[in-house]
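Subject: Structure for you to look at

Hello,

Here is the structure we spoke about. Please open it first and then read the notes below.

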Number of protein chains: 2
Amino acid sequence: MLVWERPEPANRPAPAPLSRDLIVRTAVELADEAGLEAVSLRKIAGALDVGPMRLYGYIDTKDELLDLMVDAVHAEIRPAGDGWREVLTSVAEATRQAAHRHEWFADLIGGRPQLGPNALARGEAVLAALDGVDVDVVMPVAAAVDAYVIGAVRREIAERRAERASGLDQRQWQRTHGPYLVRMFATGRFPALETVVRDAAHLDADETFRLGLGFLLDGIGAGIAAG
Amino acid sequence: MLVWERPEPANRPAPAPLSRDLIVRTAVELADEAGLEAVSLRKIAGALDVGPMRLYGYIDTKDELLDLMVDAVHAEIRPAGDGWREVLTSVAEATRQAAHRHEWFADLIGGRPQLGPNALARGEAVLAALDGVDVDVVMPVAAAVDAYVIGAVRREIAERRAERASGLDQRQWQRTHGPYLVRMFATGRFPALETVVRDAAHLDADETFRLGLGFLLDGIGAGIAAG
DNA sequence: GTACTCCTCGATACACTGTATCGCAGTAGC
DNA sequence: GCTACTGCGATACAGTGTATCGAGGAGTAC
């Protein structure tokens, strides 16, 4: 192509300054607004006015970015309180609240080992709170609380999303799932489920979480006292 | 285009017989062999010798297919035992073992409300086992056990995968993560973590799971006895 | 001041995804 | 024998993560 018709190279704007932190923050914002599946490298790059491939200077893989996002949320979890029970409770509640602020967190939590600095700091706080307990029991105790929190958060967020997905009011939900459940119950195969759904008081999510956590901590308390 | 150069329509082979069940079984096989991300509608259709769009007669959406896969796994979970504690334990262990057979199950569990017939049956068994317990406590108890199982399974599978990903032997893992952790510990910011990692007996996954579940069931036992 | 080298950027490309559209072939009804 | 319908699947679309590679800017050696 002749020089005359060859376009000049666009004189680049000063390349936008970038950093791992900025990338992660942008990704978190995107995920907060529109969910995890709205997070793509192209969209992040777009939001930063940058070519998509530029990001690969800062991360090797999208999974790595997700790990960084998870660790960023862990940074929001600040333990508090005195004594192992208070600290563990505060960490659990703070984790749950972080998941409320970042629902996508529920999609990732527990899905990969968390070795980022903030996750380690969280773990450190938990283990430190268990100082004095038999060293061989500390690990499984922390693992159990983690497991409970992971599962409870996922359950809760999943339910919340399902409710929200059925339009903003509850009517749509009852119209689609109600009849299905009624039909299922009508088969007579789920009598216990039926009575519980019909007769039991429906606790809200806060109470359910706290009650379950209380059970677990009670059991742990008894276990480490006996050990 | 002239007739002469227009190819005859391939005389179709008798369309392969299809069913939701067959589709789900195929998807499960694919996921068992190569993980969830190897499951695509095109691959399923390919394995069934069928056009991809054909599947949409049986499912509306890929998410629906995932729900069906999850429910198929729930069908493998058969409760056993007498008394609430035995039944809940057996359901928990069976769920964990199902996740060992289908690692991708860990990626989906807890991610969406489970309303499939097999999941309901599992729930029914749990609630039936809690017959006699105060009806208002039954639900949170079941939710707590579910939460624990979900989280424990995810944690365990995540760890197992991470170990396996570092080559088949442990050397590679120690070479990459070892130094990182050593460096982290060297900062002195994680003393409790460090002592636990260094001094504590390392329980295997079976024991960890059982111990945590035991704590939770102990707490529940105390709670429903007191209530 | 000039030539050369390196590094960094991003355009392009590739293989793949879930799914909307739509024309066509086979079947059923008359 | 014709017509209406149904269900199949080829094609298309917009999007994904990431490999490749040419070109330009920055830095260094003389």
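Which rotation, with what shift along its axis, superposes chain B on chain A? A rotation of 180° with 0.0 Å of shift does it, at an RMSD of 0.0 Å, where copies are superposed by least squares on the C-alpha atoms of residues with pLDDT of at least 70 in both. That is the relation of a two-fold axis.

This is a predicted model, in which local features need pLDDT of at least 70 and side-chain atom pairs count only at pLDDT 80 or more, while totals for chains, interfaces and linings use all residues. Residues are numbered from 1 along each chain as its sequence is written, with chains lettered from A and ligands numbered from 1 in the order in which they are written.

Confidence. The pLDDT is the predictor's confidence in each residue, from 0 to 100. Chain A has a mean pLDDT of 89, and 89% of its residues reach 70 or more. Residues 5-13 of chain A are below 50, and beyond near neighbours in sequence this stretch has one contact in the model. Where pLDDT is low, the predicted coordinates should not be read in detail.

Where the chains meet. Two residues are in contact if their C-beta atoms, placed from the backbone, lie within 7 Å. On that basis, 52 residues of chain B touch 52 residues of chain A. The largest share of chain B's side, 19 residues, comes from α7(B); helices are DSSP runs (H or I, at least four residues), numbered from the N terminus. That side of chain B divides into 32 nonpolar, nine polar and 11 charged residues. Here Ala, Val, Leu, Ile, Met, Phe, Trp, Tyr, Cys and Pro count as nonpolar, Asp, Glu, Lys and Arg as charged, and the others, Gly among them, as polar. The copies meet through the same surface, since 100% of the interface residues of chain B are also interface residues in chain A.

The DNA. A residue is near a strand if its C-beta atom, placed from the backbone, lies within 6 Å of it. Around DNA strand C there are 15 residues, and Gly51(A), Met53(A), Arg54(A), Ser40(B) and Lys62(B) come nearest. Helix α2 (residues 41-47) of chain B gives the most to this surface, three residues. DNA strand D is surrounded by 15 residues, the closest being Ser40(A), Lys62(A), Gly51(B), Met53(B) and Arg54(B). There, helix α2 (residues 41-47) of chain A gives the most, with three residues.

Regards

Key:
Helices (H or I, at least four residues) and strands (E, at least two) are DSSP runs, numbered from the N terminus.
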